[in-house]
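A few questions and answers follow.

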Amino acid sequence: MESSILQKYNVPGPRYTSYPTVPYWDNSGFTEGLWQDSVVQSFGESNATQGISLYIHLPFCESMCTFCGCNKRITKNHAVEAAYISAILKEWAMYRDLFRQRPRIKELHLGGGTPTFFSPENLEKLVKGIFELADAAPGYEFSFEGHPNNTTREHLQTLYDLGFRRVSFGVQDYSETVQKAINRIQPFENVAKVTLMAREIGYTSISHDLVFGLPYQTVENIVDTIEKTNALRPDRISFYSYAHVPWIKGTGQRGFDDTSLPKDNEKRRLYEIGKKILCDKGYHEIGMDHFALESDSMYTSFKNGTLHRNFMGYSSSATQLMIGLGVSSISDSWYSFAQNEKTLEDYYHRIEQNELPVFRGHILNDEDLIIRKHILNLMCRFTTSWDNDDDYFNELPEVLWDLREMERDGLLAIEDTFIEVTEKGLPFVRNICMAFDLRLKRKAPETKLFSMTI
Ligand SMILES: C[S@@+](CC[C@H](N)C(=O)[O-])C[C@H]1O[C@@H](n2cnc3c(N)ncnc32)[C@H](O)[C@@H]1O
């Protein structure tokens, strides 16, 4: 990769798990009433045909990983589990009252934090509580995030018996130096043990999360980490770019010095080398940051053009309505977004008041819906087309200027009614999405909001 191209395009940019991106939501037009109306409308339109998706955020972790950008609460006190589950089930009951019909759940994802902080008995209570007045939709996919250091056979078996067939384990990097810097000591043996156990029990999609660009990470570390990962043959691999967002309160990312982070070219090289080994070993690059074996459904969805992306990341099936339960969770009714309170105290308080705990959101306008379509197409299919409905893109010189410049740089090809990302352009798909992001173009962020694109 030419370093001038890397430098030119390595700018702060969104990861586009939504459009508009969260910092660009217009909260002024958002009310809880409008949110409820859009949930009712979306549920009515899609529950019978597609079913709905459910994300449950389980925020507790026993110790702080100093690279983590997620919403979490560090505690060793497991007494917190019961109260949190009661709050989630109460929040779910509020949504069910809105639905007035039994929801059919197509996708269920337990994310964190550390879902395996909870005991298997409590996770069973949670999932059974959710399904007391709900059904699983045909072809359902249930998944959870497991920490290799505390996932037990009982966790895996209990969740398997409840219908879970997908699990993702946080690996990050196997080097001891890197693990010390990120305060996450986790030997290969632990990851191997839980991966083999999950496979024995019958999980059909096991995923490992790896991160490039971590403090002190070298090419040797990445080669070793990827080779160890390949030895366990997970069905999917997330190979995330380390998002350095130390200005977000509570991330604990000040646990190491910025000078220990691989920069621009060096960081990109870690990805390129990792990617090459994965591709040589039979993994396919899917969307942004993801790899899958041909036998995994994510590969099939990518090939069929049915891959979808939402706040949970990529998924192989799309539902119009996604409800996020728990502290800081984001919901998407397709017509609007809403986010829950970000501290446990505020979340509990709202639930005690019998209120949906949303504190901000955004109602999508017609322009948002069109731009979201293009951004989803680019992130999931590396191409997007326009027709008569939205040929006004041709009249938006600022979008076309950016696209033409990227075409000159060899990142994409512009045809009459579509654009296609080239092989060279794949690492810059976030930048290509930014060309369409009119909200970002109209108002550049005043403070640092996004991680670097590379
Ligand atoms: C919320 S974590 C949950 C994983 C699980 N609790 C564990 O500890 O193993 C999900 C994944 O997000 C990724 N992640 C978290 N913070 C990140 C950051 N700042 N940049 C890139 N990826 C990050 C990591 O790969 C992590 O495994």
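Q: Into which domains is the protein chain divided?
A: This is a predicted model, in which local features need pLDDT of at least 70 and side-chain atom pairs count only at pLDDT 80 or more, while totals for chains, interfaces and linings use all residues. Residues are numbered from 1 along each chain as its sequence is written, and side-chain values use heavy atoms, with hydrogens and water left out. With bounds that come from an automatic or database domain assignment, the chain is divided into domain 2 (22-363) and domain 1 (1-20 + 365-454).

Q: How many residues does the contact take from domain 1 and from domain 2?
A: The C-alpha centres of domain 1 and domain 2 lie 25 Å apart. Counting as contact any heavy atoms within 4.5 Å, the contact takes from domain 1 and from domain 2, respectively, 35 residues and 35 residues.

Q: Which residue forms a salt bridge with Asp-332?
A: A salt bridge here is a side-chain nitrogen of Lys or Arg within 4 Å of a carboxyl oxygen of Asp or Glu, and the count between domain 1 and domain 2 is 3 salt bridges. In the one with Asp-332, the closest N and O atoms are 3.5 Å apart, and the partner is Arg-372.

Q: Which helix gives the most to the side of domain 1 that touches domain 2?
A: Helices are DSSP runs (H or I, at least four residues), numbered from the N terminus. At least two residues of that side come from each of α1 (3-9), α12 (366-381), α14 (429-436) and α15 (438-442). The one that gives the most, with 7 residues, is α12.
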